[in-house]
Amino acid sequence: MGNAVRPASTTPASWDAFSDVEAFVEEVLSELTAMAADGSRPTRSGPKPAFTGAALRKAIMAIWCVCFCGMQWRAIGQLSGMPFGTLYALFARWTRLGLWRRLLDRLRRTWRLACGDMAEPSATVIDSRTCPSAWSCFARGVDGGKRIRGIKIHLAVEKYRIPLAIDAAPANVHDTKGIVPVLREIAGCGFQGPAIGDLGYRGERLANAGETLGITVQPIARGRDGMFIPTEIAWVVERSFIWISRYRRLNTIVERTKDHFVAFVQIAFISHPVHPSEAAHSPGSQRVNATNKLSVIGCEFRPHIFRARH
């Protein structure tokens, strides 16, 4: 008899998230500078001076570690040598000011322009994923089909799998109701076009809600006889969920507020490198030379890592 347990791969070649932490820190610093310049980041008042230099970089890296490693705030405070209350307050303040949303939107537009597309997409893909949640989570419900007690993440992504809008609801909320806030958000940003989803988004009520917002909801079949079949660009949202599944903070949800949970999802998409080979195989995109050092989050793209992972 053979060994039933397959040994885990310990080589970092397949995917090394820590190699891109410095790029993540640099982009957050540049966005903070831009927010301070345009007045969207007011100067913090208080007896203690604001973090600068190495202390600020350490704080940004600590917030990323909370998302990727799933660490408790008290634990990362102990390891980093910084008060955990200060780190949490910094994360909450940046979330309230919209730092992560603003940075993600800028990187998405930069990547689309680098691939030869318009800055804003003409179509979006919608889907949801059920995640278990702790008792302390901001919401809980039971997904009867998957038998999971937790929440549902609702996403609207473009063809490069970068989200346009993110929302969350209890797991017992049907997809046709949970996706409506996402449609409202992308419509508020000026999106007008088709929203492609699976057959779970059928229904006159959702279709009427989409038409009111100027969005055409297009439910299509993505499988047959129990098999998944890639259809048009509807499959790209599945890779978006694969991205965030690598971040332990987003596997079992413990956040007490929905805004903080959405912020961690945005951090996951910001810090995950987007490779040219991924864009080259996206429907309707122009091929990007894999040897070019295009920069979306300030790091060199490594297409060989993509091939090893997928």
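Q: Does arginine 161 count as buried or exposed in this predicted model?
A: Let's start with where to look: arginine 161 sits in the loop between strand 3 and strand 4 (163-170). To count as buried, a residue needs under 20% relative accessible area. Arginine 161 has 1% relative accessibility, so it counts as buried.

Q: What is the phi of arginine 161, roughly?
A: Most residues other than glycine have a negative phi. Arginine 161 is not a glycine, yet its phi is positive, at about 70°.

Q: Is arginine 147 buried or exposed?
A: This arginine lies in the loop between strand 2 (141-143) and strand 3. A residue counts as exposed when its relative accessible area is over 50%. Arginine 147 has a relative accessible area of 77%, so it is exposed.

Q: How many helices and how many strands does the chain have?
A: Here is the wider picture. The chain has 310 residues, and 50% of them count as buried. Among contacts between residues at least 6 apart in sequence, 67% join residues at least 24 apart. As for the elements themselves, the chain has twelve helices and eight strands.

Q: Which residue in strand 5 stands opposite threonine 124?
A: Threonine 124 is found in strand 1, and at 0% relative accessibility it counts as buried. Leaving aside neighbours within four places in sequence, its contacts include Ala156, Leu164, Ile186 and Phe191. Pro194, Ala195 and Ile196 are also among the contacts of threonine 124. The residue opposite threonine 124 in strand 5 is alanine 195.

Q: Which residues is isoleucine 267 in contact with, leaving aside its neighbours within four places in sequence?
A: Isoleucine 267 is one of the core residues that touch the most other members. Setting those sequence neighbours aside, the contacts of isoleucine 267 are Phe24, Ile63, Trp64, Cys67, Phe91 and Trp100.

Q: How far apart are the end C-alpha atoms of helix 4 (residues 84-97)?
A: The expected span is 1.5 Å times one less than the number of residues. Helix 4 has 14 residues, so it should span 20 Å. The model agrees with that expectation, since the end C-alpha atoms are separated by 20 Å.

Q: Which residues of helix 4 are buried?
A: The cover over the buried residues of this helix includes helix 1 (21-38), helix 2, helix 3 (73-80), helix 5 (99-114) and helix 10 (258-271). Just after helix 4, glycine 98 takes a positive phi of about 80°. Within helix 4, the buried residues are Leu87, Leu90, Phe91, Ala92, Arg93, Trp94 and Thr95.

Q: What separates the C-alpha atoms of leucine 103 and glutamate 27, in Å?
A: Leucine 103 lies in helix 5 and is buried, with a relative accessible area of 0%. Its contacts, leaving aside neighbours within four places in sequence, are Glu27, Val28, Glu31 and Ile270. Although leucine 103 and glutamate 27 are 76 residues apart along the chain, their C-alpha atoms are separated by 7.9 Å.

Q: How are helix 9 (residues 236-245) and helix 10 oriented to each other?
A: Ser240, Trp243 and Ile244 in helix 9 meet Val265, Ala268 and Phe269 in helix 10. The two axes are 9 Å apart, at an angle of about 100°. Angles from 65 to 115 degrees count as roughly perpendicular. Helix 9 and helix 10 are therefore roughly perpendicular.

Key:
Residues numbered from 1 in each chain as written. Predicted model: local features only at pLDDT ≥ 70, side-chain atom pairs only at ≥ 80, totals over all residues. Heavy atoms only, no water. Pairing = 2+ DSSP bridges. Helix = DSSP H or I, 4+ residues; strand = E, 2+ residues; numbered from the N terminus. Core = buried A, V, L, I, M, F, W, Y, C linked by side-chain atoms within 4.5 Å. Buried < 20%, exposed > 50% of the residue type's maximum accessible area, 1.4 Å probe, protein only. Contact = heavy atoms within 4.5 Å. Axes fitted to C-alpha atoms, helices over the stretch in contact; angles between N-to-C directions. Parallel < 35°, antiparallel > 145°, perpendicular 65-115°, else oblique.
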